[in-house]
Amino acid sequence: MPSPEPLSPRAILARLVAFASVSRDSNLPLIDWVEGYLAGHGIAATRVPSPCGTKAHLFAQVGPSVPGGVILSGHSDVVPVDGQDWSTDPWTLTERDGRLYGRGTCDMKGFVALAIDALVRASGRDLTRPLQLALSYDEEVGCMAVASLVDAMVDGLPRAQAVIVGEPSMMQVVTAHKGGLGFSVDVIGYEVHSSLQPYGVSAIMEGARLIQWANDRNAENAAAAPSGLAAQFDPPWTTLHVGTIEGGTAHNITARKCRFLMSFRQVPGDTGWDDRFLTAVAQVDAGMKAIRPEAGIAVERVFDVPALGPETDGAAEALARRLTGDNGQHVVSYGTEGGQFQVRGYSTVVCGPGDIAQAHQPDEYITLDQFAAGEAFVARVVDSLCDG
Ligand SMILES: [Zn+2]
């Protein structure tokens, strides 16, 4: 059976936007559609199911199965629209005033649509190196899940020489972003009447020791001279933050429970914060147990977004600079899945259409100009894979 005419990138985007692939829900309807669309054009894709089976990553390759190709990387999930005031249906691609509106148009189904289209078009070309697609789930909830996709691609495909993560960067070549690391911290105290305070353990007051530890580290980091790379960020140091806290029962009971979220935004190369934090936790935990053995602290890692750092003579940076003409130094403050590729040895940059300012907003949009710039960019990526 002959392959049907390919859809336009915009028609693909319309299909993708129509799947309400919010991170908390299954992305399988979207993955089914992408898999079917690629299959309809003779391209086999591989799914990497989530542990619970309700979601899947997908990867695919066209061209010769040799090393040295390019990965176009995007995520299938979007943030919710709950409580947002939209003037159009967020799940219907709508053009108005030179913009395409819809949830995910900017972050980042626009780029995903271009990548799917590039794969189909590249399948009819005489590539000398492969074009690969990486489509993930759960990017918007911590960038942890993509690790299983990258591992499956390392095992299942010849090693690509460059990864382009198409998060919205206005087509600038972004070579660095901070990492993100988050822990949920459960402090379990021991209840006594507060008049007998030394015989109990207040989960709140013990938890406060860790929060003060974070304050002290922030002050240290702010006082230190930033490295050249750190100086490009605002603020130019690793920050620690407690975003939520709850706990306690009454003013006259030592608190049995305190729970808070401790997070870190690390400058690339400033690693080891998990160990430092867990050491501080162990010290506080030991002090609590010395008073009441049943007291203590449990921590759970809830997100982990490795930083993206600039590479020396990076192939991805060189390729993206050559194809965009952008030679500026750009770092961004948001996290991406790029670090997960880079920590597995892939040369990686972030470069994609759209402005991050429109991501996650009501009336999210991508301009027709940026969508066209992205299309031209991926077309040049495909051209580069035809060179000898
Ligand atoms: Zn994104």
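My entries on the domains and the cavity follow.

**Ground rules.** I am working from a predicted model, where local features need pLDDT of at least 70 and side-chain atom pairs count only at pLDDT 80 or more, while totals for chains, interfaces and linings use all residues. Residues are numbered from 1 along each chain as its sequence is written, and side-chain values use heavy atoms, with hydrogens and water left out.

**Domains.** I found domain 1 (9-177 + 307-384) and domain 2 (179-305) in the assignment, with bounds from an automatic or database domain assignment. Their C-alpha centres are 35 Å apart. I looked up contacts (heavy atoms within 4.5 Å): 16 residues of domain 1 touch 12 residues of domain 2. Met 144, Ala 307 and Val 331 supply 45% of the area that domain 1 buries against domain 2, more than any other three residues. Buried area here is the accessible area (1.4 Å probe) that two parts lose on being put together, summed over both.

**Cavity.** I then asked how many cavities of 30 Å³ or more there are. The count is 1. On a 1 Å grid over the protein atoms alone, a cavity is a set of points where a 1.4 Å probe fits but cannot get out, and lining residues have an atom within 4 Å of a point. I listed its lining, which includes Thr 175, Gly 309, Glu 317 and Ser 347.

Methods
On a 1 Å grid over the protein atoms alone, a cavity is a set of points where a 1.4 Å probe fits but cannot get out, and a pocket is an open set with protein on both sides within 12 Å along at least five of seven lines; lining residues have an atom within 4 Å of a point. Grid points are joined across faces, edges and corners, and a volume is the space filled by probe spheres set on the points.
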